[in-house]
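Here is a short tour of side-chain packing, written for someone who likes to check the geometry while reading. Have the viewer open and follow along.

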Amino acid sequence: MVTYNTSNMRVLHELDSDHCPVLISFDDNPMLRPPPNRLIEGTINWNNFQLNLDDVLQPTNNLKTITDADAAVRTFTDAITSSIRAATVPTRWEKHQTRRLWQKHREPWQHHRLNQLTREVKKLLDEHRFISYQRHLATLSPEDSSLWKETKRVLKEPCIIPPLQQDGCQYASDNEKCEIFADSFQASFIPNPIKNKEFNEEIELFPNNYPSAPLPVNFTSPNEIHTIIQKLPTKKSPGYDLIPNFVLKYLTRKALANLASLFNALLRLEYFLILGNMQ
């Protein structure tokens, strides 16, 4: 329950009604959350992004220390960030601005303009969906599996998730399913009881006493990095650098070579990058 400090409370007797309204004044500071940081605030011109990225990137061949590796990672991240911002075409959010103004001032002309913009946006979205669907249909062909996959997707019936069964009982609600999964995971992820303490202590001390030997390192290549990037999901949230996965799919050959050189230097230095140093 949220408690507020009430500074004033009075009953309004001016209204002619069976129920008297009460006017309460709250003396408290609202908790305002800043909007999340975003790197992309519009439409990206990918050709300009690739040109800017090639111009900004510098070769990273002479990485001999950990400090050089950290600086190279910062330089590579800043190059992608600056190239994205330079290639971003700002988008006008006139409809959202008009809606905020109408909700604040309630002017009739603002409501009229909001309805007009809403109809325009709806018309543009309908045209975009129609054109996109026409392009998608044009790519279908009976010679490959594309037409069969699309037919299967259209005719596929939605899958209904059945209720969970445990001890002869059925559980259909979300809360009941969560409790069943929680109990199952709690019972599964419990350490096994230690039967021989001396043997367990010997196992724990073995890695510290075993002489370390350098393992053979398999260095990476730009082609390997490109293959891995193309398999990354595009709808994942970005990390601390705010660079989403779909941006990485537009990296140039120079950027991939730069990234491969950086990864190989990290492997050679036996250094695992600490994200806290990059913030």
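Why are W46 and F49 separated by about one helical turn? The two are three residues apart in helix α1, so about one helical turn lies between them. Please keep in mind that this is a predicted model.

**Aromatic pairs**

Searching the whole structure turns up five aromatic pairs. Two of them are set side by side here.

| Pair | Centre distance | Angle between planes | Class |
|---|---|---|---|
| W46 and F49 | 5.7 Å | 90 degrees | edge-to-face |
| F181 and F185 | 6.2 Å | 25 degrees | stacked |

The class follows from the plane angle: W46 and F49 have their planes at 90 degrees, and over 60 counts as edge-to-face. For F181 and F185 the planes are at 25 degrees, and under 30 counts as stacked.

F181 and F185 belong to helix α6, which spans residues 174–188. They are four residues apart there, so about one helical turn separates them. F49, by contrast, is buried, with a relative accessible area of 0%.

Ring pairs also join W46 and F49 with F246 and Y250 into a cluster. Elsewhere, a charge meets a ring: the charged end of R106 sits over the ring of W102, 4.1 Å from its centre.

**The nonpolar cores**

Which residues does F49 touch, leaving aside those up to four places away in sequence? They are I44, I80, S83, I84, A87, V247 and Y250.

F49 is also one of the residues that touch the most other members of the largest nonpolar core, together with L53, I80, I84 and L251. That core holds 19 residues. Helices α1 (46–56), α2 (66–87), α8 (222–230) and α10 (253–269) each give two or more residues to it, and α2 provides the largest share, five residues. Another core lies apart from this one; it has five residues, including L63, V73, L262 and A265.

**How α8 meets α10**

Two packed helices are described by the angle between their axes and the distance between the axes. For α8 and α10 the angle is about 105 degrees and the axes are 8 Å apart. Angles from 65 to 115 degrees count as roughly perpendicular, so that is how α8 and α10 stand to each other. At this contact, P222, N223, I225, H226 and I229 of α8 meet R253, L256, A257, L259, A260 and F263 of α10.

How values were computed: Residues numbered from 1 in each chain as written. Predicted model: local features only at pLDDT ≥ 70, side-chain atom pairs only at ≥ 80, totals over all residues. Heavy atoms only, no water. Core = buried A, V, L, I, M, F, W, Y, C linked by side-chain atoms within 4.5 Å. Buried < 20%, exposed > 50% of the residue type's maximum accessible area, 1.4 Å probe, protein only. Contact = heavy atoms within 4.5 Å. Phe/Tyr/Trp six-rings, centres within 6.5 Å; stacked < 30°, edge-to-face > 60°. Lys NZ or Arg CZ within 6 Å of the ring centre and 35° of its normal. Axes fitted to C-alpha atoms, helices over the stretch in contact; angles between N-to-C directions. Parallel < 35°, antiparallel > 145°, perpendicular 65-115°, else oblique.
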